[in-house]
Amino acid sequence: MKFKFRDLKFLGSLLITIYLIIIFISAELQIQPEQTGGYRKIDFALVQKLIEKGELSGKEASFYKRVSEQ
Amino acid sequence: MSTKTVICELCPKACRIPHGAAGDCRVRVNIEGKIVSTIYGRPSALHVDPIEKKPLNHFFPGSGIFSIATAGCNLHCKNCQNWQLSQRSGAEMEVRYKAPPEKIVEATERTGCKSIAYTYSEPIIFYEYVYDTAKLAIKKGIKNVLVTAGFVNPSPWRKLLKLIDACNIDLKYFDDSLYRKNSEGWLKPILDSLVICKEMDVWLEITHLLIPTLNDDMVKIRKMCKWMYKNLGADTPLHISRFHPQYKLRNLPATPGETLIRARNEAMDVGLKYVYIGNLHGHPAESTFCPKDGKLLIKRLGYVIAENNIIKGRCKFCKEKIAGRWHDEI
């Protein structure tokens, strides 16, 4: 099978397109997940105790939250 | 008892918090499937400041502002100047006042302050406390000011801004990778917050701390100023502020005065009308000058107003309108 210049051009543009898609996806991935979804472990017993004593607040922050399906 | 995991949608980090843990901000805790704001009404700092300290130079200059802050922050800047407050949880703080919103408003009136600043740490993480206090303050004719990094989701930001009169937003870097490396945040949400603030006609001033070797490249400063000019307008004041070594960036020197002056020149050259130099006390760029005739309008010595030549929001000499919120315009 013989390759023609036309085939090489097609292959070249295909590779460039794939390359651009990879760049785009990796840039998106950089922005999105690795810094989201985290949490911090705390001394929960102490927090509960301080809430009971009124030193910390037990007020629900109801505005912007969503219960996870997991 | 519910042990469901909850996703906090207040800021772009979208913390997925299991029962008994806190968000990245340390103060929003999942208790039985509910997010509890543990620092609501429990500020760790209460102070009366001059408004110039926020800094706000075009918002009722010379007035006092009742300033409050709680523990916690959703960013973790290596150069944080209030890290003892911002990088701790409510439980870790020794001082916690019991000050519900009505007490804050009452104290603001008692101290003769014109406005309340939600400041020092990061008001976004004590969102509900700010919201309830601001609502009460409006009823008493008190203004509300946010001093924030602007790292917040658009929906809560818009809701809160309806109650806010002025913001100073800290645009720390005009570079996404520097935000990630030095503050554990990222740039785009902050740029969005700035634009939303302007769209909603909340008075806006920007602070940009110039840190040697990190963000003192004049090409990038120019790029940032061009973005500001295009998206926020030439009237938005910019405070180029001097860095002092602290917290985890003690290895870097203080910003040389010459660098601050060069950065200011770049910003003015781009077309920004009001560019200040902060933390370099005694420098003429602490003062406000008329963008039309160049005359001195407000002479500042540190946080003290020595002279004010703005009358009804205009230059006393050439009558040019000066952007801002002024005492005699009300």
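Author: Here is a short tour of the interface, then chain A, then one residue in chain B. Keep in mind that this is a predicted model.

Reader: Fine. How many residues does each chain bring to the contact?

Author: Chain B brings 49 residues and chain A brings 31 residues.

Reader: And how much area do chain B and chain A bury between them?

Author: About 3,600 Å². Carbon and sulfur atoms account for 57% of that.

Reader: Which three residues supply more of chain B's share than any other three?

Author: Glu9(B), Arg16(B) and Arg180(B). Together they supply 15% of the area that chain B buries against chain A.

Reader: Charged names there. How many salt bridges are there between chain B and chain A?

Author: Two. One of the salt bridges links the side chains of Arg40(A) and Asp24(B), at 3.1 Å from N to O.

Reader: What about polar contacts across the interface, how many residue pairs?

Author: Ten residue pairs, with both residues at pLDDT 80 or more.

Reader: Which elements of chain B give two or more residues to that side?

Author: Strands β1 (6–8), β2 (16–17), β3 (21–22), β4 (28–31) and β5 (34–37), plus helices α3 (127–139) and α4 (154–161), of chain B.

Reader: How does that side of chain B split by class?

Author: It has 21 nonpolar, twelve polar and 16 charged residues.

Reader: Back to the strands. Which strand of chain A is joined to β3(B), and how do they run?

Author: Strand β1 of chain A, residues 40–41. Two bridges join it to β3(B), and the strands run antiparallel. Lys41(A) has Ala21(B) as its bridge partner in β3(B).

Reader: Switch to chain A itself. What's the pattern along the sequence?

Author: α-β-α-β. That is two helices and two strands.

Reader: How much of chain A is buried?

Author: Buried residues are 13% of its 70 residues.

Reader: New topic. Where does Ile51(B) sit?

Author: In the loop between β6 (45–50) and β7 (64–69) of chain B.

Reader: Is Ile51(B) buried or exposed?

Author: Buried. Its relative accessible area is 0%, and the cut-off for buried is under 20%.

Reader: What does Ile51(B) touch, leaving out residues up to four places away in sequence?

Author: Leu56(B), Phe59(B), Phe60(B), Pro61(B), Gly62(B), Ser63(B), Ile65(B) and Ser115(B).

Reader: And how far apart are Ile51(B) and Ser63(B)?

Author: They are twelve residues apart in sequence and 5.9 Å apart in space, C-alpha to C-alpha.

Technical notes:
Residues are numbered from 1 along each chain as its sequence is written. Chains are lettered from A and ligands numbered from 1 in the order in which they are written. Side-chain values use heavy atoms; hydrogens and water are left out. Contact means heavy atoms within 4.5 Å. Buried area is the accessible area (1.4 Å probe) that two parts lose on being put together, summed over both. A salt bridge is a side-chain nitrogen of Lys or Arg within 4 Å of a carboxyl oxygen of Asp or Glu. A polar contact is a pair of N or O atoms within 3.5 Å; within protein, one must be able to donate a hydrogen and the other to accept it, and residues adjacent in sequence count only if both atoms are side-chain atoms. Helices (H or I, at least four residues) and strands (E, at least two) are DSSP runs, numbered from the N terminus. Ala, Val, Leu, Ile, Met, Phe, Trp, Tyr, Cys and Pro count as nonpolar, Asp, Glu, Lys and Arg as charged, and the others, Gly among them, as polar. Two strands pair if DSSP finds at least two bridges between them. Buried means under 20% relative accessible area, exposed over 50%, partly exposed in between (1.4 Å probe, protein chains only).
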